[in-house]
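Please look over the sequence and the structure below before reading on. The report is meant for a reader who has not seen this structure before.

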Amino acid sequence: MNQKFLDFMRPFSGKKMAVAVSGGVDSMALLDMLVTAGFDVLAVHVNHGLRAAAADDADAVRRACRRLGIDCHVLHWVGDKPTRGIESAARTARYKLMTDFCHERGIDTLLVAHQADDQIETFLLNLARGSGVAGLGGMRPKSMRDGILIVRPMLNIRRAELQKYCDDRHIEYVHDEMNDDTRFARVRMRMGRHVLRDALGISDERILLAMENLGRTRAAIDEYVNARIETVIDGRSACMPESFLFDEPDDIRLKLLGNLLQRVGGDNYQPRLNSLERALHKLGCDCKFTLGRATVRRFRDRILIVPEGCSTSFRERNEKTKQQ
């Protein structure tokens, strides 16, 4: 078993956790490694109802859980499905179903099976979008979503190693034909990665090294930004002098605004970089606008950020402050 995986998971020993299991090779390997190593887990599988083989996938996960002696819970995405952006919508629905399940069961940690090849594809997708350090640093080993800790213990393990693990142990897994559908950008990126290596000499290992370096830079920025935000946040709103943003370098300014909008608006993701850049441009003078489920207002030298639909009166805020 991969030693980096065991070292990463050691602090979670003795903790009840949920594991997202699609039935594919990555998640089946993750589930088997966790149970073999003695972690206290249960499996959660989401049937999106998008494929004819979806019920067979759920059955495969159930069989694996019976073999391993752990509980298996199959959740269903019901209702109308969008005709466009189905990949993103399915991901959002999947996480919502799983985090709601965790809350209902009193579980605060959800393990997911993203691995090193997923990281590379994420890097390339974000590079194509023109992302900054936050996006190019890739998926984080730990992050919060809807109040649940999302843990990715296999980001240092390659897909081929997980394939070998399953094959050597005769672990059954399913193949999702959507992973071969070139209508999806991630699939096209996966199929074209060899061009970077063969034509340009940019290996997967070099991409992962670049992501590691960018990740350290991102972590340092995050530490500084999070400390700064605590000085202006008040529950679900934030009020600050305009200098709080505009005395900082551009990258820090963007990160401060993005984090504030996410914290106040309650979204799982920050607005995209180009949206933040436009927002900062608007904040150069008196304005009021909505972004990331939050309303932003500048009046003279003060900036206020509140949840969308809440009052943006500086006078009301000043009166409340005096009463306190």
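The sections below cover helix packing, aromatic rings, charges over rings and one serine.

## The model

This is a predicted model.

## Helix α9 and helix α11

Helix α9 covers residues 204-229, and helix α11 covers residues 250-265. Their axes lie 10 Å apart, and the two helices pack at an angle of about 60°. That angle makes α9 oblique to α11. The crossing of α9 past α11 is right-handed.

On the α9 side, the residues in contact are Ile-221, Asp-222, Tyr-224, Val-225, Asn-226, Arg-228 and Ile-229. They meet Ile-252, Lys-255, Leu-256, Asn-259, Leu-260 and Arg-263 of α11.

## Helix α2 and helix α3

The contact involves Met-28, Leu-31, Asp-32 and Val-35 from α2. Facing them in α3 are Ala-60, Val-61, Ala-64, Cys-65, Arg-67 and Leu-68.

## Aromatic pairs

How many aromatic pairs are there? The count comes to two. One of them joins Phe-299 and Phe-314, with 6.4 Å from centre to centre and 35° between the planes, and this pair is tilted. Phe-299 belongs to strand β10 (residues 294-299) and Phe-314 to helix α13 (residues 314-323), so the pair ties together parts that are 15 residues apart in sequence.

Phe-314 has 10% relative accessibility and counts as buried, because buried means under 20%.

## Lysines over rings

Two phenylalanine rings have a lysine over the face. Lys-142 lies over the face of Phe-8, 5.8 Å from the ring centre. Lys-282 lies over the face of Phe-289, at 4.9 Å from the ring centre.

## Ser-237

Ser-237 is part of strand β8, which spans residues 237-241. With a relative accessibility of 12%, Ser-237 counts as buried.

Which residues does Ser-237 touch, not counting those up to four places away in sequence? They are Val-232, Val-264, Ile-305, Val-306 and Arg-317.

Terms used
Residues are numbered from 1 along each chain as its sequence is written. This is a predicted model: local features need pLDDT of at least 70, side-chain atom pairs count only at pLDDT 80 or more; totals for chains, interfaces and linings use all residues. Side-chain values use heavy atoms; hydrogens and water are left out. Rings of Phe, Tyr and Trp (its six-membered ring) pair if their centres lie within 6.5 Å; planes under 30 degrees apart count as stacked, over 60 as edge-to-face and the rest as tilted. Helices (H or I, at least four residues) and strands (E, at least two) are DSSP runs, numbered from the N terminus. Buried means under 20% relative accessible area, exposed over 50%, partly exposed in between (1.4 Å probe, protein chains only). A charge sits over a ring if NZ of Lys or CZ of Arg is within 6 Å of the ring centre and within 35 degrees of the ring normal. Axes are lines fitted to C-alpha atoms, for helices over the stretch in contact, and angles run from 0 to 180 degrees between N-to-C directions. Angles under 35 degrees count as roughly parallel, over 145 as roughly antiparallel, 65 to 115 as roughly perpendicular and the rest as oblique. A crossing is left-handed if the near helix is turned anticlockwise from the far one by less than a right angle, and right-handed if clockwise. Contact means heavy atoms within 4.5 Å.
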